[in-house]
Amino acid sequence: MSLKYQDPFKMVFWPAFTDLVIGLFAILVFTLIISVIQQTGQARQIEIQKEKIEEISRQNEKLEEDLQDAINAGLISVKDGHIDIMTNILFATGSSEINTHGRELLKSLVVPLTNFISNNADILMISGFTDDKPIHTNQFPSNWELSTARATEVVRQLTDHGFPSNRIFAAGFGEHHPIVANSDNRNRQRNRRVEISRISIKLPGMHTEEQ
């Protein structure tokens, strides 16, 4: 009886080579799976962002629709969910006391603005701006104080008529951040304004219902 010769190299090499190929194939498959998962996740994130943008666009359109009467009357301007009110509609020169017509206007904004943020965790920032002419009075040493006081009064009017007080805040910017150059009286009037903007931020302790 004769014994068949077996090459020791082949006995060691081929099993090891086979294991290596299987291992590389497994790594390739795993890499492909991870890549597919990542691409699927990225695609989903893009879809989520698209849905958010579309929802914001719908909310902006609804706000503009709800405020159409005030827009047509020239009391406010609305663009992309951002509301501008010229201060001469709300205040006398150098004053932070809201006039009768201004109070009625702000009262009419409460329900549309409440609906505007009701289905999300956003809040409203009420910003006051002045022109570049300085003010020096006992009540308002500078435009900082005047713009802040005006923004605060708008907040108070809105919350007094039912807007949630934990979803709004005031900020004063003085003569800074004009929308046009303060080159003449008409431009200065445009720069004297109150802006209402939605801010995507969740404050500590703020709870909203998930829709």
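Helices here are DSSP runs of H or I, at least four residues long, numbered from the N terminus. With that settled, a reminder: this is a predicted model.

Start with helix α1. Helix α1 covers residues 8-66, and L32 sits in it. L32 also belongs to a nonpolar surface patch.

E55 and R58 form a salt bridge, with 2.7 Å between the closest N and O atoms. The two residues are three apart in helix α1, so about one helical turn separates them. In total, the structure holds seven salt bridges.

Now the packing of α4 and α5. Helix α4 is residues 100-117, and helix α5 is residues 143-160. Their axes lie 9 Å apart, at an angle of about 60 degrees. The crossing is right-handed.

Which residues meet there? From α4, we have R103, L106, L109, V110 and L113. From α5, we have V154, Q157 and L158. By type, that contact has six nonpolar residues, one polar and one charged.

Terms used. Residues numbered from 1 in each chain as written. Predicted model: local features only at pLDDT ≥ 70, side-chain atom pairs only at ≥ 80, totals over all residues. Heavy atoms only, no water. Patch = residues over 30% accessible without salt bridge, like charges linked within 9 Å, V, L, I, M, F, W, Y side chains within 5 Å. Areas by Shrake-Rupley, 256 points an atom, 1.4 Å probe, with all protein chains shown as cover. Salt bridge = Lys/Arg side-chain N within 4 Å of Asp/Glu carboxyl O. Axes fitted to C-alpha atoms, helices over the stretch in contact; angles between N-to-C directions. Left-handed = near helix turned anticlockwise from the far one by under 90°. Contact = heavy atoms within 4.5 Å. Nonpolar A, V, L, I, M, F, W, Y, C, P; charged D, E, K, R; others polar.
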